[in-house]
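Subject: Structure handover

Hello,

Here is the structure I said I would pass on. Please have it open while you read the notes below it.

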Amino acid sequence: MSHLLHSNLSTSICLHNSPSPSFALSPPHSITTSLSSSITAFRHENGRRYHNHGDGLTYPLPNDTDEINRLELQHKVWEISLNKRLYLAPLPPTITSVLDIGCGTGIWCIEFADAHPDVQVLGIDLSPIQPSNVPPNCRFLVDDANAAWAFPEKFDFIHTRALNFGVKDWDALLAQAFEHLAPGGWIELDEFHVPLECDDGSAAADSAVLQWGVMGAEAVAKIGTDARAALRHGERLREVGFVEVHEQKMKWPIGPWAAGEKEKKMGQLFLKDMSDGAPGLSVKLLNGLLGWEMSRVDAFIERLRAEMWNPKGHILGAEASIRCQAASLSKEFGGQPSFCREKSLQLLKKMAESAEEWQEGKAWWWSAVQRVFSPPNRNISRPRDVFTNRKNRGHKKPINSR
Ligand SMILES: C[S@@+](CC[C@H](N)C(=O)[O-])C[C@H]1O[C@@H](n2cnc3c(N)ncnc32)[C@H](O)[C@@H]1O
């Protein structure tokens, strides 16, 4: 079954789901409207297929079969990396709805939906490359996460994984995620950052793999993407109003050189992922964005692969990812740990620009607590919206920094 839900100037949306509980990777089969055909028309450049949203520069990696295969393989690396878990956030068993932003092949959504049959899972992506045969509690939407989200739902859990190259403004995206989280909701950002790293100093000074990361960051900067964005996610989440932010840095070795069975297995798979994926991860960045001739790109890809597979080059490419979890501020108002309540008051105090605002903030806080204790009220404004009477916004400093 397919429904065309909505379109506006910046967002094209198509929803497809299937009542079948089985999962088989095949293209969505039921897209029939003209809007949907324009989405599935895709763009083709240098033998690769890309999403067809806007000017085509929202996200620079392909969406063709080779890329789908790479993402499926990468899913396995994530699985090992997170010790066979799909997420690390401490979700309560009562959750009912989940959003996966930039769901790619949809594999994470499908596995989550299978494991939690009572939870509704929505996956959004620029490309309709998800299968049509999915669990009944799983659906997909073509949408640009950088634009205003056109779906009204609130979720108990919002998840992103390897979305970074398609996000122009993480502050705005996280603020929007905050608005779309139900009280007590969690967000988890499993994100890479580049350039790649070598932390034992053993990479050659002219290492192609290390240069690749630097050039990739330079290329995506041209389309407004910060390749290092994940390094500031913890801070960003706190600024937006999230609390209980946990950050964890994980390293993915390229190649089975690292000590430890888990690291070796990850390294083996990630080596294949990066080596197979090198053309897809390079062509648009180096040719399209940095203007290299294709012959130079091809030669560079050969160097990359040779270096990755060289057993002596085991030092290369510690890939890092950072995970942040955050309970939305509203969690505090659900009567959860009292230290959280303290934190929310502290946050309000920080934001207040005068003693009057601090009084106003405290009053708002108490009324919010009372409203939450009277379900089903789930809508609480963000603290930044609390000081309704504030004049000259942005001119004064918060009282505790004066
Ligand atoms: C590297 S893939 C990761 C896919 C999936 N999260 C996974 O881990 O298997 C990134 C995905 O994010 C999608 N994406 C990038 N920017 C996006 C945006 N602004 N809005 C929606 N989807 C986006 C891409 O189309 C792509 O499918």
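Predicted model: local features only at pLDDT ≥ 70, side-chain atom pairs only at ≥ 80, totals over all residues.

The chain has 402 residues, of which 45% count as buried. Its secondary structure consists of 11 helices and 11 strands. Taking contacts between residues at least 6 apart in sequence, 71% join residues at least 24 apart.

The core: the largest nonpolar core contains 74 residues, and Cys109, Val121, Ile158 and Phe270 have the most contacts inside it. The element that gives the most to this core is helix α7 (residues 261-289), with 10 residues. I also looked at what surrounds Cys109. Neighbours within four places in sequence aside, Cys109 is in contact with two other cysteines, Cys103 and Cys138. Asp100, Val121 and Gly123 complete the list of its contacts.

The helix pair: helix α4 (residues 170-179) and helix α6 (residues 233-240) have axes that come within 10 Å and cross at roughly 50 degrees. That angle lies between the cut-offs of 35 and 65 degrees, so α4 is oblique to α6. The crossing of the two is right-handed. On the α4 side the contact is made by Trp170, Asp171, Leu174, Ala175 and Phe178, and these meet His233, Arg236, Leu237 and Val240 of α6. By type, the residues of this contact are six nonpolar, one polar and two charged.

Regards

Conventions:
Residues numbered from 1 in each chain as written. Core = buried A, V, L, I, M, F, W, Y, C linked by C-beta atoms within 7 Å. Buried ≥ 20, exposed ≤ 12 C-beta atoms within 10 Å, placed from the backbone. Helix = DSSP H or I, 4+ residues; strand = E, 2+ residues; numbered from the N terminus. Contact = placed C-beta atoms within 7 Å. Axes fitted to C-alpha atoms, helices over the stretch in contact; angles between N-to-C directions. Parallel < 35°, antiparallel > 145°, perpendicular 65-115°, else oblique. Left-handed = near helix turned anticlockwise from the far one by under 90°. Nonpolar A, V, L, I, M, F, W, Y, C, P; charged D, E, K, R; others polar.
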